[in-house]
Amino acid sequence: MTDTSASATPSGPAIDWKALYGVDTTGTLFERMEMELLELAPDRAVGRIPVKGNTQPAGLLHGGASVVLAETLGSLAAQAHAGPDKKTVGIEVSATHHRGAREGYVTGTATAIHLGRTTASYEIVITDDAGKRVCTARLTCLILG
């Protein structure tokens, strides 16, 4: 299940993020991981993925799935910061995995650390349905053009 737009703020106007990015998410990790974008603004993005279908053989949420969620949320926020006439690419990502998740959803919240002319950096906190921190990631994106 994927959303085609997200609220700029909980009560603000919707941003058509697919048009902003200029891409179709069909067949991408966004779709394959059943990612949902819940909120999008230059300084903050929120989204979630189900644990089911995104696990490692031991039945826990795969650490790579957490990193994909983190990089996607930070990249979308960076694109919202850069604007429609520019593109953004991730140039560094790191993650610390704090605990496993076996069911439900994990939700990521990307919060801007730095919003510059050529780079944008975010801290992404991923929590389980109980609000417990599963992962903390950091992403820096390069703004092109």
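Biologist: Where does valine 134 lie?

Modeller: Strands and helices are DSSP runs, numbered from the N terminus: E of at least two residues for strands, H or I of at least four for helices. Valine 134 lies in strand 8. This is a predicted model, where local features need pLDDT of at least 70, side-chain atom pairs count only at pLDDT 80 or more, and totals for chains, interfaces and linings use all residues. Residues are numbered from 1 along each chain as its sequence is written, and side-chain values use heavy atoms, with hydrogens and water left out.

Biologist: Is valine 134 buried or exposed?

Modeller: Buried means under 20% relative accessible area, exposed means over 50%, and partly exposed is in between (1.4 Å probe, protein chains only). Valine 134 counts as buried because its relative accessibility is 3%.

Biologist: Which residues is valine 134 in contact with, leaving aside neighbours within four places in sequence?

Modeller: Contact means heavy atoms within 4.5 Å. The partners of valine 134 include Leu61, His97, Val106 and Ile126. Histidine 97 is 37 residues away along the chain, yet the two C-alpha atoms are separated by 6.0 Å.

Biologist: What does isoleucine 126 touch, not counting residues up to four places away?

Modeller: Its partners include Ser66, Leu69, Ala70, Val106, Val134 and Cys135.

Biologist: How do I read a nonpolar core?

Modeller: In soluble globular proteins, nonpolar side chains tend to be buried together. A nonpolar core is a set of buried Ala, Val, Leu, Ile, Met, Phe, Trp, Tyr and Cys residues joined through side-chain atoms within 4.5 Å. Here the largest one has 29 residues. Ile49, Leu61, Val106, Ile124 and Ile126 touch the most other members. Elements that each supply at least two residues include strand 4 (44-50), helix 3 (63-82) and strand 8 (133-144). Helix 3 gives the most, with eight residues.

Biologist: How many disulfides does the structure hold?

Modeller: A disulfide is a pair of cysteine sulfur atoms within 2.5 Å. The structure holds zero. Cysteine 135 is buried, at 0% relative accessible area. Cysteine 141 also counts as buried, at 0% relative accessibility.

Biologist: And the chain as a whole?

Modeller: The chain has three helices and eight strands. From the N terminus on, the order is β-β-α-α-β-β-α-β-β-β-β. Buried residues make up 41% of its 145 residues. Of the contacts with a separation of 6 or more, 61% join residues 24 or more positions apart.
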